[in-house]
Amino acid sequence: QIFNQHNAEAPNLEQAFHRMAQMEHNLDHDIPWFLLPSYWAKMVVALISFLCFANSYDGDFVFDDSEAIINNKDLRAETPLGDLWYHDFWGSKLSSNTSHKSYRPLTVLTFRMNYLFAGGFYPVGFHVINIILHCTISVLMVDVFSILLGGLQFSNKGRRLNLAPKSSLLAALLFAVHPVHTECVAGIVGRADLLCALFFLLSFLGYCKAFRENKEGHTFSVFWVLVSVVLGAIAMLCKEQGITILGLNAVFDALVINKINLLELIRKLLYKDKSLENAVLLRKGLLFRITLLMCGGASILYIRWRIMGTGPPAFTEVDNPASFADSLFVRAINYNYYYSLNAWLLLCPWWLCFDWSMGCIPLIKSVSDWRIIALAALWFCLIGLICQALCSEDSHKRRILTLGLGFLIIPFLPASNLFFRVGFVVAERVIYLPSIGYCILFTYGFSLLSKQAKKKKILAVAVLGVLLVNVMRCALRSSQWRSEEQLFRSALSVCPLNAKVHYNVGKNLADKGNQSAAIKYYREAVRLNPKYVHAMNNLGNILKERNELHEAEELLSLAVQIQPDFAAAWMNLGIVQNSLRRFEEAEQSYWTAIKHRKKYPDCYYNLGRLYADLNRHIDALNAWRNATVLKPEHSLAWNNMIILLDNTGNLAQAEAVGREALELIPNDHSLMFSLANVLGKSQKYKESEALFLKAIKANPNAASYHGNLAVLYHRWGNLDLAKKHYEVSLKLDPMAPGTKENYNLLRRKLEQLQKKGG
């Protein structure tokens with residue numbers, strides 16, 4: 001609703017106008033809810049939204065955070081800022097065939113700022129920013145809901161009036177405490193959705209500002225329309241859904257600013273009514289504004305397309321099985337079932353899971369599947385709401401229902417599989433924005449119930465109960481997102497058929513050293529998904545370490561048979577074959593791995609170990625040199641080069657390699673130790689001693705460090721210090737090879753010296 005009042009003669013005109021507007025729009029009149037001043041309403045929303053997710057502030061990096069943050073080179077200072085505009089969300093080049101094409105440079109930029117300000121990967125700062133963003137968005141929702149539920153009106157002073165203070169507070173509280181938002185707030189990667197939502201809302205509020213009449217008397221401001229387009233572009237640079245705000249601004253313009261009756265408009269279009277152009281499209285500049293929005297949106301999409309390239313993102317069948325179904329019927333049925341699951345998560349956000357892929361939701365392949373009921377229920381409700389939104393004689397009802405459905409459906413479209421394949425089945429994070437529409441519909445439904453109910457206080461208590469339960473659920477879910485162990489285990493009861501859940505639980509256990517328990521979950525992951533090559537690879541690795549080489553070989557061979565370009569599995573298969581002394585096959589496996597992953601330093605390192613075992617020293621040195629070229633901080637490769645050169649008598653070359661390595665990795669005590677050994681053999685005792693002592697300071701409990709320093713002192717003639725370090729070495733490791741013999745030799749020599757001295 002637009003109203004501009006210029007008569008400022010009466011001092012209480014603004015208050016009187018506000019009262020008249022509220023009488024006209026009786027949504028608040030029917031709601032038994034708290035009436036708070038705008039400032040206090042926003043404070044309450046901010047406080048409650050903070051309480052919901054505050055316990056996630058000291059959580060770890062979990063799940064996708066590892067790839068998007070810890071392993072993302074775009075966060076580090078050495079990566080040029082310009083690269084962010086040509087890389088995807090995970091740090092891969094957009095032109096790469098393996099890129100997911102998720103283009104969110106502004107979100108990555110905020111991660112980079114977090115990393116630089118904190119001086120490293122400390123998750124607290126990342127989590128605090130997410131919590132602040134959600135609180136800010138929830139506060140903005142008070143203003144947004146006041147417009148969507150109460151209409152857009154300005155006072156004579158140009159101030160926007162809140163015509164629905166009670167209903168906007170209720171809707172904002174519903175949004176702030178919705179448990180489905182936990183993934184976005186407690187999961188650091190969810191910042192993409194939070195930043196997108198922030199600029200999404202700012203774009204909407206900016207568009208609304210365009211209709212505040214200015215001093216020149218113009219009915220709308222082109223400047224603010226353009227500002228809303230720019231803010232929509234920024235929202236899209238945070239996450240792809242942001243572009244949908246331009247469509248919603250157009251819908252808002254048509255319904256609220258121009259009060260268009262959609263059903264009447266459709267009739268006029270069908271009957272080619274000539275009055276349509278003058279009556280609607282040109283009224284109040286609607287056509288001009290929609291043209292600006294369309295041109296802005298088209299320009300944004302074109303630039304995005306040019307940067308991304310024409311190739312579609314690469315997803316696999318396990319990511320989104322319905323999209324790979326041959327039958328159009330199966331695809332359509334399952335897509336609609338996924339929509340119903342998203343709707344259910346909004347209505348009843350009790351069963352939440354970090355991942356819904358890999359068998360969590362089996363495909364519907366027949367109309368006899370009972371889950372068809374969910375589709376029928378969804379479309380029954382949607383069609384009913386659409387009919388009311390189109391056909392109701394109450395213009396206020398038409399407007400609220402249409403806006404509610406618009407905000408529910410339009411932001412969800414990029415995740416709907418209708419325009420392109422997405423890389424998930426259900427993702428709680430993508431319904432952060434659509435939940436705005438749900439809150440509108442819930443609040444309006446509550447007002448209708450309150451209007452009919454005799455005991456309104458009971459309804460109010462029920463809604464308070466819903467809010468309280470949601471707050472508790474948010475707090476519980478936030479605590480589960482604090483660590484990977486809790487997060488992954490919480491999914492076992494929700495998605496027991498999800499192979500990825502079992503895989504992640506197993507991986508978490510393996511990282512903690514509990515291999516026996518990890519094997520159990522990896523085996524279950526492979527049972528649930530017999531083509532789960534990553535589970536086979538990890539299980540094969542554990543079995544290899546437990547010396548169960550034949551089963552490990554079977555699993556890894558099956559993995560590379562299923563996915564021939566799986567470089568990590570080829571490398572691990574080579575390691576197993578090497579352990580089984582099938583050297584030619586191992587060499588072939590290593591080279592196959594390198595063929596599929598050109599820059600694979602670990603594979604070159606293992607290839608070098610194979611060549612060393614075969615006494616092919618030149619090939620071993622070349623392989624390790626390749627590893628260090630690809631990964632200059634590859635300490636093991638450097639160490640093996642030094643040791644091999646030392647063992648083959650090339651002391652000068654070993655020393656040169658050792659010095660080169662320490663320049664690149666100056667604090668690596670193992671490199672200090674290896675170089676110290678070489679220097680000792682070259683009779684550079686003083687420098688060797690200094691390196692040994694530095695290595696011992698870094699790692700004082702290494703028996704070999706003390707033992708070899710003792711040998712140095714022994715050769716150097718510093719027998720007392722030699723005795724001291726032999727004794728420390730034997731105390732740390734009584735079975736240290738050679739140390740006991742050297743110590744006994746030293747003792748005999750000391751005894752002989754004592755006798756001579758006596």
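This is a predicted model: local features need pLDDT of at least 70, side-chain atom pairs count only at pLDDT 80 or more; totals for chains, interfaces and linings use all residues.
1. Residues 499-532 are 79% helix and 0% strand, and the C-alpha atoms at the ends of the span lie 8 Å apart. For residues 601-634 the figures are 79% helix, 0% strand and 8 Å between the end C-alpha atoms.

2. The disulfide. How many disulfides does a search of the whole structure find? The search finds one. The bond joins C360 to C495, with an S to S distance of 1.8 Å. C360 sits in the loop between α15 (328-347) and α16 (372-391), while C495 sits in the loop between α20 (484-492) and α21 (499-511), so the pair ties together parts that are 135 residues apart in sequence.

3. Helices α17 and α18. Helix α17 covers residues 395-409 and helix α18 covers residues 435-452; their axes come within 6 Å and cross at roughly 150 degrees. An angle over 145 degrees counts as roughly antiparallel, which means that α17 is roughly antiparallel to α18. The crossing of the two is left-handed. On the α17 side the contact is made by K397, I400, L401, L403, G404, L405, F407 and L408, and on the α18 side by I436, G437, Y438, I440, L441 and Y444. By class, eleven of the contact residues of α17 with α18 are nonpolar, two are polar and one is charged.

4. Helices α24 and α25. The axes of α24 (residues 549-562) and α25 come within 9 Å, crossing at roughly 150 degrees. α24 and α25 are therefore roughly antiparallel to each other. Their crossing is left-handed. From α24, the residues L549, A552, E553, L556, S557, A559 and V560 meet A569, W570, N572, L573, V576, Q577 and S579 of α25. The contact of α24 with α25 divides into nine nonpolar, four polar and one charged residues.

5. Helices α25 and α27. α25 (residues 567-579) also packs with α27 (residues 601-613), at an angle of about 15 degrees and with the axes 10 Å apart. Are α25 and α27 roughly parallel or roughly antiparallel? The angle makes α25 roughly parallel to α27. The crossing of α25 and α27 is left-handed. In this contact M571, I575 and N578 of α25 meet D602, C603, N606, L610 and D613 of α27. The contact of α25 with α27 has four nonpolar, two polar and two charged residues.

6. Reading α25 across its two contacts. α25 is roughly antiparallel to α24 and roughly parallel to α27. Towards α24, the residues of α25 in contact include W570, L573 and V576; towards α27, they are M571, I575 and N578.

Methods
Residues are numbered from 1 along each chain as its sequence is written. Side-chain values use heavy atoms; hydrogens and water are left out. Helices (H or I, at least four residues) and strands (E, at least two) are DSSP runs, numbered from the N terminus. Axes are lines fitted to C-alpha atoms, for helices over the stretch in contact, and angles run from 0 to 180 degrees between N-to-C directions. Angles under 35 degrees count as roughly parallel, over 145 as roughly antiparallel, 65 to 115 as roughly perpendicular and the rest as oblique. A crossing is left-handed if the near helix is turned anticlockwise from the far one by less than a right angle, and right-handed if clockwise. Contact means heavy atoms within 4.5 Å. Ala, Val, Leu, Ile, Met, Phe, Trp, Tyr, Cys and Pro count as nonpolar, Asp, Glu, Lys and Arg as charged, and the others, Gly among them, as polar. A disulfide is a pair of cysteine sulfur atoms within 2.5 Å.
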